[in-house]
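Biologist: Please take one close look at a single part of this model for me. I would like the neighbouring detail too.

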Amino acid sequence: MPDRIQINEVSPRDGLQNQVVHLSLDEKLELIDALVAAGLTAIEATSFVSPKAVPQLADADQLFPRLPRPERVSYSALVPNVRGLERALTAGVREIAVVLSATDTMNRRNINMSLGEARQACIDVMTAAGARGLRKKAYVAVAFTCPFEGKVAPGRVIELADEMFANGADEVVIADTIGAANPREVSSLLADCVERFGAGCLAAHFHDTRGFALANAWAALTAGVRRFDASIGGLGGCPFAPGAAGNLATEDLVLMTEQCGFETGVDVAKLRLAVAIAERLVQRSLGGRTTAWLQAQDLKEQCRRDNAGAAF
Ligand code: COA
Ligand code: ZN
């Protein structure tokens with residue numbers, strides 16, 4: 001049996017939270033429909049944060065109850081505080097994500113809390129969510145480098161991950177929020193995490209700021225990680241973390257891992273349709289590193305069909 005990769009598609013949340021063009025509710029649903037049609041079964045749909053902080057996602061309460069195929073897709077939402085959890089519960093959310101940045105300054109910039117307050121907020125949200133039977137993910141953000149405090153010690157990340165697991169996290173996502181990690185750092189930290197916590201409850205989240213996202217994903221994969229966040233067309237980035245360019249593109253991750261014999265359950269042709277929809281909606285061109293190659297294959301196929309047609 002092929003080794004399975006679980007992709008958590010984050011374009012509706014991480015992807016849209018910093019776009020200049022704000023999508024309407026129907027446009028978001030159109031995008032999510034296309035993601036589901038492409039075979040994605042885990043999607044981070046939105047966040048229940050302050051609408052003043054992230055106006056792009058202010059419609060979370062209306063969006064969540066309208067998400068397509070909830071019986072087939074695990075939809076999650078980011079929740080920063082108990083107030084956000086209450087909104088999420090009302091909207092029918094069954095899986096939440098809390099975000100704990102590894103440094104004090106990043107927590108202050110992102111959620112206006114010190115590191116200590118952020119740890120407590122994550123614990124409070126997970127405890128309340130656990131009591132309601134929700135699945136809980138905890139992100140350790142800026143796990144390699146913080147845009148304000150520089151390099152983050154791996155020991156700090158392990159300590160925070162440990163604390164999140166001890167307080168009910170079902171999964172910890174190690175996140176290179178600004179795309180500053182290199183494959184050697186990723187191999188080392190994720191191998192340590194896998195050894196300590198096991199691969200089944202770990203995931204990785206990369207950004208492609210320096211073009212290393214795919215190499216970093218491969219480093220995580222060889223360390224044993226099988227769960228990855230990705231975003232179609234590389235759409236995304238945190239508005240509160242300077243230097244955070246787009247995410248690891250889903251099509252890049254799918255193409256690479258499938259060619260290496262892994263199974264993702266994602267249909268690349270339909271995924272490209274989703275990228276085209278996202279491009280139309282955010283009104284700019286998107287695309288992972290494999291896009292040019294995929295387009296060249298389309299052209300070849302078109303020529304082959306045209307030539308075959310000419311023969312008759
Ligand atoms: N949902 C909606 N509104 C919320 C909220 C939530 N989860 N939490 C707080 N608010 C509202 C408050 O009611 C208050 O509204 P008001 O100004 O109309 O009275 C306002 O937001 C400020 O609340 P306060 O508790 O003082 O929070 P804050 O200003 O310290 O901000 C956060 C803290 C966490 C709410 C805010 O920083 C935030 O939402 N950050 C999101 C960060 C993010 O999404 N980052 C990207 C992903 S990692
Ligand atoms: Zn991100």
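How far is the sulfur of C201 from the closest cysteine sulfur, and in which residue does that sulfur sit?

Modeller: The sulfur of C201 is 9.5 Å from the closest cysteine sulfur, which belongs to C193. That is too far for a bond. A disulfide is a pair of cysteine sulfur atoms within 2.5 Å. The structure holds zero disulfides.

Some ground rules. This is a predicted model, in which local features need pLDDT of at least 70 and side-chain atom pairs count only at pLDDT 80 or more, while totals for chains, interfaces and linings use all residues. Residues are numbered from 1 along each chain as its sequence is written, chains are lettered from A and ligands numbered from 1 in the order in which they are written, and side-chain values use heavy atoms, with hydrogens and water left out.

C201 is buried, at a relative accessible area of 17%. Buried means under 20% relative accessible area, exposed over 50%, and partly exposed in between, with a 1.4 Å probe and protein chains only. C146 is buried as well, at 3%.

Now the zinc ion (ligand 2). Its protein donors are D14 (OD), H205 (NE2) and H207 (NE2), at 2.1 to 2.2 Å. Donors are N, O and S atoms within 2.8 Å of the metal (3.2 Å for Na, K and Ca); water is not among the atoms, so sites may look incomplete. The donor residues are spaced D-x190-H-x1-H in sequence. Both histidines are buried: H205 has a relative accessible area of 4%, and H207 has 2%.

Next, ligand 1. It is surrounded by 19 residues, and the closest are K52, R83, R87, N110 and N112. A residue counts as near if one of its heavy atoms lies within 4 Å. One ligand nitrogen is 2.9 Å from an N or O atom in the side chain of N81. The backbone contributes too: a polar atom of V49 is 3.3 Å from a ligand nitrogen, and an N or O atom of G84 is 3.2 Å from one.

Conventions. Polar contact = N/O pair within 3.5 Å; in protein donor to acceptor, adjacent residues only side chain to side chain.
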